[in-house]
Amino acid sequence: MDEVVQQRVARLPWRLAVTAATVTAVTTVWSATVSAGGVSARGLLLLLFVAGLPLLARDAPAAFTRTCLVIAVFLLWVPMFGAAGLRPVVAAVLLLLAASVADPDHHPSCLTVALAGALLVFLPLAFCLYS
């Protein structure tokens with residue numbers, strides 16, 4: 001009978017993702033307190049939720065890598081589209097990108113990189129079309 005092998009995310013990528021979530025949380029709380037971002041409370045809660053998504057994949061290293069990459073691409077556009085008070089989120093983006101490639105055993109696949117690239121192109125296009 002086949003056994004299920006439990007794998008966990010390596011220590012360095014996990015710590016980078018936790019740091020990215022912390023940076024995003026501190027930035028969001030600061031923006032909500034000072035009202036510097038011009039973002040609604042729903043938007044700030046969504047940002048907190050999205051930044052914490054990679055932390056849910058602790059026991060799935062491949063999913064963790066993909067999630068970090070896709071969330072980093074999403075968070076890259078947050079300060080560019082009217083949320084000027086959330087510019088420190090770019091530091092979280094860099095941390096998540098580093099976390100997605102920090103584990104040599106679970107690097108992102110070509111499909112994941114292509115998906116991230118498509119999001120990178122699609123988000124500004126959607127913004128231009130609907131604004």
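Predicted model: local features only at pLDDT ≥ 70, side-chain atom pairs only at ≥ 80, totals over all residues.

**Reading the helices**

Guide: Residues are numbered from 1 along each chain as its sequence is written, and side-chain values use heavy atoms, with hydrogens and water left out.

Visitor: How many helices and strands does the protein have?

Guide: Helices (H or I, at least four residues) and strands (E, at least two) are DSSP runs, numbered from the N terminus. The protein has 5 helices and 0 strands, in the pattern α-α-α-α-α along the sequence.

Visitor: Which residues of helix 3 are buried?

Guide: Buried means under 20% relative accessible area, exposed over 50%, and partly exposed in between (1.4 Å probe, protein chains only). In helix 3 the buried residues are Pro61, Phe64, Thr65, Cys68, Leu69, Ile71, Ala72, Val73 and Leu75. An α-helix has 3.6 residues a turn, so residues three or four places apart point the same way.

Visitor: What is threonine 65 in contact with?

Guide: Contact means heavy atoms within 4.5 Å. Leaving aside neighbours within four places in sequence, threonine 65 is in contact with Ser100, His106, His107 and Pro108. The relative accessible area of threonine 65 is 3%. Phenylalanine 64, with residues up to four places away not counted, touches Val9, Pro13, Trp14, Ala17, Pro54, Ala57 and Ala99.

Visitor: At what angle do helix 1 and helix 2 pack?

Guide: Two packed helices are described by the angle between their axes and the distance between the axes. Axes are lines fitted to C-alpha atoms, for helices over the stretch in contact, and angles run from 0 to 180 degrees between N-to-C directions. For helix 1 and helix 2 the angle is about 170°, with the axes 9 Å apart. The two helices are therefore roughly antiparallel, a term for angles over 145 degrees, whereas those under 35 count as roughly parallel, 65 to 115 as roughly perpendicular and the rest as oblique.

Visitor: Which residues of helix 1 and helix 2 meet?

Guide: Helix 1 brings Ala21, Thr24, Ala25, Thr28, Ser31 and Ala32 against Leu44, Leu47, Leu48 and Ala51 of helix 2.
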